[in-house]
Amino acid sequence: MTAPANTRGTDSKTGPLAQFTAAGVLDDGDCLVATRIARLVGEEDDAAVLALALAVRAAREGSGALHLDSVARLTPHPTGHDPDDNGQQDADPAAEPATLADVIELPEPQAWLQAVAASRLAARGVLHIEFDLVQLDRYRADERLIAGWLDSRSPDQLKSIEATVLEDAISAGWLNDAQVTAVRAVAARPTTVLTGGPGTGKTWTVAAILRALRFQDGRAPRVALAAPTGKAAARMNETLEAELADGSFDPATTIHRLLGSIPRSGTRFRHDARNPLPHDVVIVDEASMVGLGLMARLLDALSPATRLLLVGDPDQLASVEAGTVLADLVRGLGPRGDVVELSENRRSVPAIQDLAGAIRSGDPDAVLDILEAGHPEIGFTETDEPALGHMATVTDQARHLRALALEGDIDGAIVRLGRARLLCGRRSGPHGIRRWNRLVEQSLAEDAPEVAYQPYYLGRPIIITRNDHGLGLANGDTGVLVRGPQGPLAAIQTGQGVRTLSPWRLADVETMHAMTVHKAQGSEADDVTVVAPAIGSRLLTRELLYTATTRARRRLTIIGSRDAIRVAVMTPIERSSALTERLLERCSSGP
Ligand SMILES: Nc1ncnc2c1ncn2[C@@H]1O[C@H](COP(=O)(O)OP(=O)(O)OP(=O)(O)O)[C@@H](O)[C@H]1O
């Protein structure tokens with residue numbers, strides 16, 4: 001393959017940009033940004049402009065870096081649509097999906113990389129080439145900040161933790177060996193990453209750490225508890241209630257609030273290197289949902305004396321923002337001994353744990369064997385045309401919720417809400433939540449016609465979609481509409497308990513007979529039904545299936561074809577970054 005001829009790549013209507021747009025790989029926004037910047041710096045090399053547009057696209061898709069040799073493996077979507085969007089199934093689901101290399105003549109990656117390295121875009125610092133990756137300046141800067149910060153830390157700068165208090169907390173904590181290692185690591189190290197799947201005792205370990213900190217002599221250390229979302233912060237407060245009860249520690253908050261958001265600035269905060277946070281210890285839960293930019297801003301705002309504990313599950317879906325920071329840190333800091341992994345799951349039933357393990361290890365045969373073994377806790381409905389008839393628990397749940405709501409039973413309805421959940425990859429299309437919400441409502445309307453036309457019908461499960469500090473509601477809080485003395489009441493489970501209020505006060509709210517897997521992150525239900533995305537969907541990934549599976553405590557039903565399951569298990573989300581390499585490079589060149 002050769003580098004593309006110079007066909008006026010700075011014009012998005014012709015040349016390689018047009019070809020990539022027609023193949024559904026680039027969108028107009030990618031091309032517009034690339035052509036504008038190219039014009040600004042006077043770049044005329046098609047190959048470099050194409051790399052810039054693809055780096056912009058990569059960031060949009062969650063990568064802070066671009067491997068030019070991965071471009072050939074991209075899947076073209078000539079209509080610009082995902083199969084789940086346009087309602088079409090692949091004609092032959094077993095057929096190998098075409099790659100971009102099948103439809104476009106691509107530059108040879110090494111020559112392309114050299115062309116980018118020699119380009120004006122590189123000379124002017126728009127693009128950088130390191131570790132054979134192309135990076136936009138912003139993501140490289142964030143990665144360098146994170147790696148540099150982690151590298152500069154020394155245990156000598158930390159306030160020491162009294163050994164006897166630490167040992168007391170450990171012996172009184174009923175901790176397993178890995179949990180003890182984690183507590184000791186936090187005491188001894190400036191940075192610790194605590195990983196593990198759901199129910200492996202991460203919060204239990206954090207509680208032991210807080211107890212060790214509370215009984216320190218002299219000034220109690222100042223601890224910040226934080227999470228990427230309001231919902232996750234509220235959950236932290238709930239699960240650490242006993243440790244927070246005496247007021248020794250401030251309740252958890254969002255990372256944005258901790259750093260001090262500046263209105264209308266998503267990238268600047270009141271706390272930064274010049275005005276660092278005053279805390280001795282910062283503990284971040286659900287760290288897999290923290291993107292590159294936010295992690296860089298957080299570390300930038302920590303003083304050298306601050307201990308940092310990042311807690312999360314690197315195998316779950318990563319942040320919406322670009323980056324796979326937690327997974328990168330696990331790989332990059334592992335050799336330094338900064339990572340502790342917990343693996344003993346105490347929450348889900350063994351069959352679901354085994355299934356999650358097989359998905360995580362990328363073994364489709366093992367996954368299908370478990371799905372088809374007839375475990376009472378696992379159902380597998382093999383079809384690529386899911387229908388409501390496949391989801392008895394979902395319609396059952398809707399009817400129970402409605403009955404409890406009609407009785408005005410707030411507690412009963414809230415408990416019921418956590419019993420069963422229908423999860424989908426996306427919002428739209430035949431496999432998306434909108435369709436299932438509509439179908440469940442149609443089914444309810446057979447007995448209760450008002451469900452079809454009343455927005456606030458009794459028994460409507462809801463999810464809050466935006467933080468509302470005035471009402472004390474967090475994005476992701478869930479609830480149900482129940483009969484109240486003067487009309488319908490919204491009963492919502494918040495971090496501070498159940499709140500009831502008039503549904504008319506709710507601004508950002510959606511129906512939740514079905515929920516996206518992204519939104520379900522950090523929450524669980526006893527009985528989970530998962531509709532697998534269609535073959536060809538970009539959402540059909542290992543992380544999506546793992547995250548959905550690990551939401552189930554007692555029973556799981558997966559609805560999808562064997563091929564779709566196979567594709568999901570074999571398709572880890574490819575997000576490129578150079579953060580791991582940066583950390584490993586520093587580790588190997590260290591003292
Ligand atoms: N060492 C232990 N001894 C007894 N019970 C434990 C221990 N560790 C964890 N548990 C229990 O196991 C369950 C899961 O623990 P925990 O909530 O800490 O897990 P987690 O990893 O934080 O889960 P998630 O990621 O879903 O929040 C809890 O009921 C907890 O009380």
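**Entry 1: the S15–S16 pair**

I started at Thr-494, whose bridge partner in S16 is Gly-497. Strand S15 (residues 487–494) and S16 pair in the antiparallel sense, and I noted five bridges between them. For my own record, strands pair here if DSSP finds at least two bridges between them. Strands are DSSP runs of E with at least two residues, helices are runs of H or I with at least four residues, and both are numbered from the N terminus.

Before going on, I reminded myself that this is a predicted model, where local features need pLDDT of at least 70, side-chain atom pairs count only at pLDDT 80 or more, and totals for chains, interfaces and linings use all residues. Residue numbers run from 1 along each chain as its sequence is written.

**Entry 2: the antiparallel sheet**

I then looked up the sheet in the order S16-S15-S14-S13-S17, which is open, has five strands and pairs antiparallel. Which strands stand at the edges? They are strand S16 (497–501) and strand S17 (509–511); each has a single partner strand, so one side of each is left without a neighbour in the sheet. From one strand to the next, the twist averages 35°. Angles here run from 0 to 180 degrees between N-to-C directions, with axes as lines fitted to C-alpha atoms, for helices over the stretch in contact.

Next I checked the helices on this sheet. H19 lies across strand S13 (461–464) and strand S14 (478–484), at about 40° to S14. Helix H20 (residues 410–417) also packs on the sheet, where I found it touching S13, S14, S15 and S16, and its direction makes about 155° with that of S14. Contact means that the C-beta atoms of two residues, placed from the backbone, lie within 7 Å.

**Entry 3: the parallel sheet**

My next stop was an open sheet of five strands with parallel pairing, in the order S11-S20-S19-S12-S18. Strand S11 (378–382) and strand S18 (514–516) are its edge strands, each pairing on one side only. Neighbouring strands are turned by 25° against each other on average, direction ignored.

Inside the sheet, I counted through S19 (residues 525–531) and S20 (residues 552–560), which run parallel and are joined by six bridges. One spot I marked is Ala-525, which stands opposite Ala-552 in S20.

H19 turns up again here: this helix (residues 392–406) lies across strand S12 (420–424) and S19, running at about 125° to S12. I also noted helix H21 (residues 433–445), which lies across S12 and S18 and runs at about 170° to S18.

**Entry 4: strand S3**

Is S3 covered or open? Strand S3 (residues 191–196) is mostly covered, with six of its six residues buried. Buried means 20 or more other C-beta atoms within 10 Å of the residue's own, exposed means 12 or fewer, and partly exposed is in between, with C-beta atoms placed from the backbone.

S3 pairs in the parallel sense with strand S9 (residues 307–312) over five bridges, and Leu-310 in S9 is the bridge partner of Val-193. S3 also runs parallel to strand S10 (residues 339–342), joined by four bridges. There, Thr-195 stands opposite Glu-341.

Most residues other than glycine have a negative phi. Phe-131 lies in the loop between strand S1 (127–130) and strand S2 (133–136), and counts as partly exposed because I get 15 C-beta neighbours inside 10 Å.

Glu-286 also has a phi near 50°, and lies in the loop between strand S8 (281–284) and helix H15 (292–300). Glu-286 is buried, with 25 other C-beta atoms within 10 Å.

**Entry 5: the ligand shell**

What surrounds the ligand? I found 15 residues, and the closest are Gly-201, Lys-202, Thr-203, Trp-204 and Arg-346. The shell divides into four nonpolar, eight polar and three charged residues. Nonpolar covers Ala, Val, Leu, Ile, Met, Phe, Trp, Tyr, Cys and Pro, charged covers Asp, Glu, Lys and Arg, and the others, Gly among them, are polar.

Key. A residue is near a molecule or strand if its C-beta atom, placed from the backbone, lies within 6 Å of it.
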